[in-house]
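Notebook, one model, one sitting. I wrote each entry down as I looked things up.

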Amino acid sequence: MKKISVLFVCLGNICRSPAAEAIFIKLLEKKGLTEGFIVDSAGTGSWHIGKKADSRMRIAAERRDINILSRARKITKDDFEKFDYILAMDDSNFQNIQALRDRTSPNNFAIIKKIQYFRSVFNEQEVPDPYFGGDEGFDHVLDILEDSVSGFLESIS
Ligand code: 4NP
């Protein structure tokens, strides 16, 4: 059976989208669905290419038994062909992803949505960027993502 492919996207690919990716991978493992999915993350910016996720995010995630293993990369035009779902963390990412798609792969119909479209517990319309804030921001991002990422899985199950 064809695998469902999901790409989570933020700005730097070192905080929010690697966390979303790791949360989704853990959820798939818990539900025995790993084999049915291809999961990845990317950034719209290129500053951190090749780097591990921000240590503050990795530590906050480890406290929840979530392992963030990804290395940062930038979204490419090929991603619009490879992925069924491209899930943005905020409005700015969403607009940048659509602009890239329109510029490079205009005939591609990958589903592009903000991850917060799938929220149920939290009201935030965007996943806030925790990079320039305090440690509590990373926990808040994880709380928000645990809600919306599981909402996404339910929506396609
Ligand atoms: P992310 O957070 O988009 O969640 O990975 C950021 C990481 C780095 C920067 C901005 C946001 N930066 O400006 O370097």
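This is a predicted model: local features need pLDDT of at least 70, side-chain atom pairs count only at pLDDT 80 or more; totals for chains, interfaces and linings use all residues.

Entry 1, D90. I started from the contacts of D90, leaving out residues up to four places away in sequence: D90 touches R16, K114, E126 and V127. Contact here means heavy atoms within 4.5 Å. I then looked up where D90 sits, and it is in the loop between β3 (85–88) and α4 (91–104). Helices (H or I, at least four residues) and strands (E, at least two) are DSSP runs, numbered from the N terminus. The side chains of D90 and R16 are joined by a polar contact of 2.9 Å. For a polar contact I take a pair of N or O atoms within 3.5 Å; within protein, one must be able to donate a hydrogen and the other to accept it, and residues adjacent in sequence count only if both atoms are side-chain atoms. The D90 side chain also reaches the backbone nitrogen of N93, at 2.7 Å. K114 is 24 residues from D90 in sequence, and the two C-alpha atoms are 6.4 Å apart.

Is D90 buried or exposed? D90 counts as buried because its relative accessibility is 11%. The classes are buried under 20% relative accessible area, exposed over 50%, and partly exposed in between (1.4 Å probe, protein chains only).

Residues are numbered from 1 along each chain as its sequence is written, and side-chain values use heavy atoms, with hydrogens and water left out.

I listed the residues around the ligand: C10, L11, G12, N13, I14, C15, R16, H48, D129, Y131 and F132. A residue is near a molecule if one of its heavy atoms lies within 4 Å of it. R16 is in this list, and R16 is also the residue whose side chain meets that of D90. By class, the shell divides into six nonpolar, three polar and two charged residues. Ala, Val, Leu, Ile, Met, Phe, Trp, Tyr, Cys and Pro count as nonpolar, Asp, Glu, Lys and Arg as charged, and the others, Gly among them, as polar.

Which backbone has a polar atom 2.8 Å from an oxygen atom of the ligand? That is the backbone of G12. I found a ligand oxygen atom 3.2 Å from a polar backbone atom of N13, and one 3.0 Å from a polar backbone atom of I14. Taken alone the ligand exposes 360 Å², and the protein buries 92% of that. Accessible areas come from the Shrake-Rupley method with a 1.4 Å probe; for residues, only the protein chains shown count as cover.

N13 lies in the loop between β1 (4–10) and α1 (16–30). N13 is buried, at 1% relative accessible area. D65 is not a glycine either, and has a positive phi of about 65 degrees. D65 is in the loop between α2 (55–62) and α3. D65 counts as exposed because its relative accessibility is 61%.

Q116 is in the loop between β4 (111–114) and α5 (136–156). I filed Q116 as buried because its relative accessible area is 1%. What does the side chain of Q116 make a polar contact with? The partner is the side chain of S148, at 2.8 Å. Leaving aside neighbours within four places in sequence, Q116 is in contact with E124, Q125, E126, V127, I144 and S148. E126 and V127 are also among the residues that D90 touches.

D79 is in helix α3 (residues 79–82). D79 is buried, with a relative accessible area of 1%. Its contacts, with neighbours within four places in sequence left aside, are L7, R73, K74 and I86.

I counted five helices and four strands, in the order β-α-β-α-α-β-α-β-α from the N terminus. Buried residues make up 46% of the 157 residues. Of the contacts with a separation of 6 or more, 74% are between residues 24 or more positions apart. The C-alpha trace spans about 40 × 35 × 30 Å along its principal axes.
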